[in-house]
Amino acid sequence: MSSSLLWAVDVYGKVYSLSTTRGRWERDEDTLLELKRVTAGQRCSWGIGCDHHVYLNIDPGEVPIRYREETYENQRWNPVDGFTDVLLPTDRWAWSDLTGVTAKPLHSFLLPSNSWEWEGDWYVDQVCAGGDPIETGGWEYAVDFPANFSREKKWNSCVCRRRWIRDRIYKARGSWTKIPLDHPKQPPLPLSDVSCGGWEMSDQPGRYHFLWGVSQQGQVWFRSGILPQVPEGQCWEQVEAPREVAQISAGPGDLLWAVLWDGQLLVRTGICLDSPTGSSWVVVDSPPVKEGGTIHVAVGVSVVWAVTKDYKVWFRRGVNSHNPCGSGWISIGGEMMMVDVGLNDQVWGVGEDRGLYFRKGVTPSEPSGRGWIPVSAQWGHSKEMVQPSAGCEFGGQVTNASHGSVLTCEDSGDTELLLTTIPPRPQDTPKAFIPTSDSFISSLVADREPLRTPTPSPKKPPQGKDREATPAPMCNVDLDAAQSPQGEASSLGRAGDVGPPTSVATYPLGLEPSLGLGEEDGPVWAWISGGGCDVDHTAQMTWLRPADPCSTALSIAPVEPEASTSRKAETTTSKEPVERSSSVWVRKGSMRWWRDWKPYRWVDVGVALEQSTNVNGKRDAIFFIYFTQYDEKKYLHVFISDVTVLVPVLKENSHHAFAVYTSDSTKQRWPLILAAQTEKDMADWLSLLAGCCCEARGIRGTPSRQALWSVTSKGDVMVHEPSPCLEAPAHTLPCDMMFWLQVPGHLRCVESNSLGVVWGIGYDGTAWVYSGSGSAAEEEPPQGDRRVLHTQTDERTVYIYENQRWNPMTGYTDKLLPTDRFPWSDDNGFTECTKSTTHPPSPQWSWVTEWAVDLAFSGGTDREGWQYAADFPVTFHGNKSLKDFVRRRRWVRKCKITLTAPWQEVPPIPLSDITVLPCLAQSSMEQVSVWGLSDKGDVLCRLGVTPQNPAGSSWLHVGTDQPFKSISIGGGHQVWAIARDRAVFYRGSVSARNPAGECWYHIPSPPKQSLRQLSVGRTSVYAVDENSNLWYRQGLTPSYPQGSAWELLSNNVTKVSVGPLDQVWVIADWVPGCPSELSVPGAVCHRLGVGPMQPKGQSWDYGIGGGWQHISVRGNSTEALRATPALTGSTPRSPLPARPVLTGSTPHSPLPARPALTGSTPRSPLPARPVLTDTTARSPLPARPVLTDTTAHSPLPARIPLSQENGNSVGL
């Protein structure tokens, strides 16, 4: 590692440097040099002297700094004298620059300062502009000024010129020199602060530096013209500021912050290479402190640190070039007078005890670091270490010390550490005066003698003015473990003295009372600059390495010694960190972001997750997205506490995409879609973001027994932990604020109950049972993840369609019309899907079969798998006719996924549907009823299912006379089912002792409708038909559980789930506010106002949407608090206008119909019409009279199956 320097200034203006390779402090060779402040950059440093001049120090290097001065000698030809320097009045100067505008005679060139010297005399450049040598004495000829010059003299050459060159070299490298004053411009008023930065904005080898300054009147100045060949710059330019500035800090990039006199902060925006002074100022609030504001700010590449008037250290979150103002302040442990951000965003500071400290653990992923350690480096040429501790790093929350000691160094041959007595001091006595201000430093310019201060007497401590004029010993650090309850005084003890053990960290940072201030004494630091010190978290520096590896972070506080006697102190360290400081953790990466405005496309962005932890251990995180639009840096941010779901999605041209939903994006139906470069990157980011979301909400362990389960169209399993307000009659938790957490696994549907029994079915029909240990709602979540992981597999089928059109010459061919669909497409023909371009859903999937023609296509096919129709798109059939001009056939291929998930397989029968008995949380059952349908339509009842054994023992076959397609069991063991011929059945006499029941009762379907799925609650039954209409069964009573009639409630519903409290949740095909650009249906909706007096509810609440396929609320038996009064007449949460609800009459649609893409009339609910009780059905079709459901009123079974009632038991 190359050597770099750490600069520091003591309170007397003496300048010191610490080399990273030599590891020792050295005072500058110029003993008369006194600086007030120093700012270091890459290979150079600036400072403000006590004489108000700006000083420059350039690090020594092998390559000298040269600057070439040039001027042009111009001549014109005349018939008498030939070429002469007598020019026309309209010509350029006889000696000028290249353009001829500025006169530059040889005698006008002067050295800019004493730091330069001439390297030789003036000489003629013998090389022309093209690079070839000139044999004519360096002259170039042209017709006139200005024109193109050449080395050849022609007959019409009337003017000539040649270039004179002289080099000067910078000789003052490695020493501090004054920057010359601006002539003839007005120099700035005396500066009080300077800061350099900007060298990382340029990719050139020499790097440019930006130098900013603040005058004593609060004006901001910028040093222009600083180049690698012109390190001193050219002139000062004033930058207007809205108010008076007290201090300024520039980062290596384009960040610039300033502190105002009133403690507020300013941020300069628009800084770039083309506009180094920026464009505007933005006011930023200072950290939240009780009194005062900010007194110091330090800026790095992407970090900002600040010190307030109470000497507390603060860290600014979310700062970078896209967001220079940041997003918030985080309090950091420790008390500092000032801090400085160096290379690699490493942080240095001057403690309140005037010691130098380094922030350990600062990394790109944790920019706030983990604690403060002292800078313990060798002093001068001796072996003595100047360090604020006795060879170790101390941890502890530092408070007012009860025993104070100062570690000093004697002038003997063997360096000996002694404890010097600190006399007691009353609380009302002012603190020892330490010179810090510029005026005090200026007063010390004339006095260079070492200051000696007599040791104060313990009996007569100095008071008043005498005490203020006497530099007292510096403060010490007292560990919490060393605080004495009695507050006994300490005295100077001998080696043989025995006294009560204490734990005191002592520091040689004060002025030794018995010694003069020379090189043997530790300086009292006032300023530090690490901008040129190349140190990072991996560097192994002996002067930054604590002696005890078990030591912890340091927190600094001023010392107020109260002891009157001294005793031998034993320094100890604690293995447990005592300091509880805040920290910031950051992870950065690059992704692609789907820009959600026209033109819609993928944009390369940078992402960053910033997580902060306060002193109480509470964490908060922000997710940033940085992008550039029209050369303007912009950013988006999402608070992790606002995230409602993180879910992988299937997006065009991206296999590693996932969506980030918040409550606002859920309302707007515009999720934040990002795509990672690899599947592993997406999994890592999802895991990281999900962990932060769980920490923000206090979610730990596995899902509880009351959890809501759902499945996306991609097969991802999601879970939500409900709260009592989710089903409250008033102040209900909105659906768009629900947080969904992904559970490992891949399923098609999931069903659960409040006893922790969770079943799922994969796309291949395999039954799975959740092997996690769910906890009750009132129980505390388990520590850690207690899920039993298994190997889970699932298979999906991918379809593509081959399309052809008939023509008279060649018959059926793939040469289609321009308005037709693609020759190879998806089902609707909008997307081209060929065998070579069609891939599995994600890289986790792999093909298990080859492409084959699907001969089992619904609607029938011919021997080759073709279906025929008159045109695209119409209904296809399997038989060819003379009017059929187009045909298609479906190709099928299977893919398989294998993953590790907490799901246990339940062989051997493939299932198509599953249902679990819902019950209340306080219920106790020996066995839980689980019913299912096989892939062939057989009805099965699972035996031996308990909360301890959710998989059960065997299947019991329940006889039917036809295959079924949907089944559900509700409260009181009510079993309802739908047959494949659209008939609805109710299973009678089902109980805990008779789990299979006795017989089936036929219940008519809604007129002209075919039901496909139903769900049974405690006292209600809901069903969904093939046209996505939601139906409610009226007239259900304990004595007549079959009900009386069906009533239409809504349309555009694809799935319904009724819970143990009769709560109703659905998956809607489309919801209001969803943009037409989002072609993925499926949104979670909640029925509001459901109660005993209003079993059908009142309105819909719209939740997460876009790609949801299944939901189960049958485990949520968390009842709302009864003390909460219900609000009557409240406006439902819906973007649609509020409508009056007539009991049993008005259908409530959760959403208008999804707009069609082909110009067809969208499906929308009909206007509200009065409903005749049990006579008129609600349907999107014209109203028709409903036949009286007389069959359902008969207590006798309407249809008795031919098979046996209970059937045979099928073992595992």
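Glutamate 1026 is partly exposed, with a relative accessible area of 40%, where buried means under 20%, exposed over 50% and partly exposed in between (1.4 Å probe, protein chains only). The model is predicted, so that local features need pLDDT of at least 70 and side-chain atom pairs count only at pLDDT 80 or more, while totals for chains, interfaces and linings use all residues. Residues are numbered from 1 along each chain as its sequence is written, and side-chain values use heavy atoms, with hydrogens and water left out.

Glutamate 1026 forms a salt bridge with lysine 965, the closest N and O atoms being 3.2 Å apart; a salt bridge is a side-chain nitrogen of Lys or Arg within 4 Å of a carboxyl oxygen of Asp or Glu. Because glutamate 1026 lies in the loop between strand 66 and strand 67 and lysine 965 in strand 61, the pair ties together parts that are 61 residues apart in sequence. Helices (H or I, at least four residues) and strands (E, at least two) are DSSP runs, numbered from the N terminus. Lysine 965 is also partly exposed, at 24%.

In a second salt bridge, arginine 893 meets glutamate 850 at 3.6 Å, N to O. Arginine 893 belongs to strand 55 and glutamate 850 to the loop between strand 52 and strand 53, and so the pair joins parts 43 residues apart in sequence. Arginine 893 counts as buried at 11% relative accessibility, whereas glutamate 850, at 59%, counts as exposed. The structure holds 28 salt bridges.
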